[in-house]
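This briefing goes through selected local features of the structure shown here. It is arranged by topic.

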Amino acid sequence: MSAALAIEAKGLFKSFDGKPAVRGIDIAVPEGSIYGILGPNGAGKTTTLRMLLGIIEPDEGQRSLLGNDQPLEMAREVGYLPEERGLYPAMKTRDAIAFMGALRGLPLETGRKRAEILLKQNGLGDYVDKPIKSLSKGMAQTIQLFGTIVHRPKLIVLDEPFSGLDAINQGRLEHMIRDEAASGTTVIFSTHVIHHAERLCERIAIIAGGEVRFEGLVSDARERLRPQVRLKTRAEDGKWRSALPKDAVVEDDHWTFELPKTGIEPLLKALLDGGAGIEELSVERRGLHDAFVAIAGESAAREMEADALGDAA
Amino acid sequence: MNLWESAWVIARRDFVASVFSRFFILFLLAPVILFAFMIFFSLTTDAQDREASQPVVAVVTDSATSEALNQTRSRLVASTSEQSFPILRYVNPAENVPAQAQAMLADESSNYSAVFSGTLDRPVLTGPMRASDFVGKRLRLLVDESRRSAALDGARAAPAAVELDRVITDRSSGNVATQRRLLGQAAQTLIFGITLMLATLLLSTLVEEKSNKIIEILAASVPLEAVFLGKLIAMLGISLVGLALWGAMAVTALTLFYQLVSNWVTLPSLSPPAVGWIAFVPLVLLYYTANFMLLGAVFLGIGGQASNIREIQTVSMPVVLMQLMVLLLAMNAVNGQEGALTWFGYIFPLSSPMAMAALAAKSGALWPHLLALAWQTLWVFIIVRIASRMFRRTVLKSSTTGSFFRLGFGKKPAA
């Protein structure tokens, strides 16, 4: 591992009432990166984040947060948005943001000034003195997000940050995460929506059943699967068919199969020589979803999709 | 941030939120409730008080007079009750009996409400004159009955009643003891009453955080001990604001009252507590603080395990009963003898503040209070530590918020 790790965890184990929630979590989050933890609900993402932040203690294993194995000692440098959002309903938006900053050591007055700036920058200047209870759910979630970053942390931890947000606010959040990372802040978030991780993250951990099934670069996860070939021919049959792998499937006049290990050129030659009459040919790099299915299994992927549908509903 | 800085952030938020809430108006009306409670309390403990406050009269006479009075008392007590007459205690007369009587009444280590001297024909009663004049009336009855009895024995006509020759003093050691006991009781009632009023609020204070789902943000930012301490400090601050306000109002009202009535009647002087007013008032405040922090930490610990108001209501009754038991234990310091139970009351952390407040009224030594306050502070930290650990262990589990009270019921099915 390089020395520049914002988070490092080895062998984290936690059980509740005798039932293991996570089993031997190993992750390494480089400083300044955007890191995603992917997995269906109940996979152990929240428990992992809580252990990393020191909210709960692991039964076994070690973790270090910004180089400190006592995470709460680094609280000033960390911003955390929990999965269950919460704010004091009677508090004004500016005060709520400032209070969350104060919990992380930011003087209240500074927090109030920064809160005003954040609200105005994001088109919410009219809501500075409005109580939280008067805001919509999405807006309250945005306020909490501002409270997470108001003290300018080195590390931002977001638990299911996209959950409950509409498409516009999801886009705004993605933009904010990229901005924070561009300024050198490390961002780690958990999600059960693969395309957020795919769009934002350099590195991911795929968790299923309380275990890390994959940890590394998103590109490495994808490269675990060979690219997929889609082919449409004029000839229905002929010598060219012997060039296709045995597990190639045909659907809507298109053949679909994994690119053979020999590469595209021998395949192309065999198709041409065999008189396939190529109408369409594409070689597609596999997406993170396919990688997830391959790594975590079909059932975990189905759970993730169900969770995402639940969010949308 | 260190523990105290973190606790301050929590305390400041809670304090401001509470002071600007409707609850605070209700809280300011609390003296009315407290006053009602004090009346109820004084009625229920009246019998106990009377027993504890039975006056003792020193009989400084020749032995024949003393014997006659004692016999009459025994005869009358047999047909009434022991509490109907003051206790008579024979004391050898010195050369200068009036000076001896004054000295005995001034001696705080003795417990005399009055001194009887002279003879049955020329009785003298030295001591303060109270409104009911219980001691004076009973002594006169005893003298009259003794003289009548002596006349009957001598086959003489019943003698005319004699008046007691009264020597009025400002105070007596017995009255001082009674006043100090009442002072101790008042301090205990004040401490108990305000803590009782805030108990349910303290029980529910963490439920707000849980229902608003803020607890995880707090737990991720500051140590849970700081959350608990912050909440206790905020609530203590609120109650102290209330106390200051009520105190100012009470002092103003009493001053006005004294100015109004002092022209017509002579008001009795209030004996100072044994440690003196200058030490007593801060000590009562410190014991109130300790009591609030100790019981508050227990309530917060219990309340922290509840996940909704219904669970809070479930535990409210046992909590009030527990408080009453603690009060009864502490009351031994006021009314009981210095036995094992009284000492247990001084030492047991939850009753110690109220018991020690009573001790401050009746005993002049200051060092036990320093020891007691250090002992109570230690227990505040121990209870806060245990409560926050229990909270972390049983409540902050996975994404679903757990509850100690559920004991396995109502858990979400595994996905």
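In what order do the 4 strands of the open sheet in chain A lie? The model is a predicted one, and in it the order is β11-β12-β10-β13, with antiparallel pairing. The edge strands, each pairing on one side only, are β11 (249–251) and β13 (278–284) of chain A. From one strand to the next, the twist averages 20°.

**The sheet in chain A and its helix**

- Strands β10 (residues 228–233) and β12 (residues 254–258) of chain A run antiparallel and are joined by 4 bridges.
- Across from A:Trp255 in β12(A) stands A:Leu231.
- Helix α8 (residues 264–273) of chain A lies across β10, β12 and β13 of that chain. Relative to β13(A), helix α8 runs at about 165°.

**A:Thr48 in chain A**

- A:Thr48 belongs to helix α1 (residues 45–53) of chain A.
- With a relative accessible area of 0%, A:Thr48 counts as buried, because buried means under 20%.
- A polar atom of the A:Thr48 side chain lies 2.6 Å from the backbone oxygen of A:Gly44.
- Apart from neighbours within four places in sequence, A:Thr48 is in contact with A:Val22, A:Ile25 and A:Ile207.

**Helix α1 of chain B**

- Helix α1 (residues 3–19) of chain B has 17 residues. From its first C-alpha to its last it reaches 24 Å, close to the 24 Å expected at 1.5 Å a residue.
- At the start of α1(B), a side-chain oxygen of B:Asn2 comes to within 3.0 Å of the backbone nitrogen of B:Trp4.
- Buried residues in α1(B) include B:Ser6, B:Ala7, B:Val9, B:Ile10, B:Ala11, B:Arg13, B:Asp14 and B:Ser18.

How values were computed:
Residues are numbered from 1 along each chain as its sequence is written. Chains are lettered from A and ligands numbered from 1 in the order in which they are written. This is a predicted model: local features need pLDDT of at least 70, side-chain atom pairs count only at pLDDT 80 or more; totals for chains, interfaces and linings use all residues. Side-chain values use heavy atoms; hydrogens and water are left out. Helices (H or I, at least four residues) and strands (E, at least two) are DSSP runs, numbered from the N terminus. The expected span of a helix is 1.5 Å times one less than its number of residues. Buried means under 20% relative accessible area, exposed over 50%, partly exposed in between (1.4 Å probe, protein chains only). A polar contact is a pair of N or O atoms within 3.5 Å; within protein, one must be able to donate a hydrogen and the other to accept it, and residues adjacent in sequence count only if both atoms are side-chain atoms. Two strands pair if DSSP finds at least two bridges between them. Axes are lines fitted to C-alpha atoms, for helices over the stretch in contact, and angles run from 0 to 180 degrees between N-to-C directions. Contact means heavy atoms within 4.5 Å.
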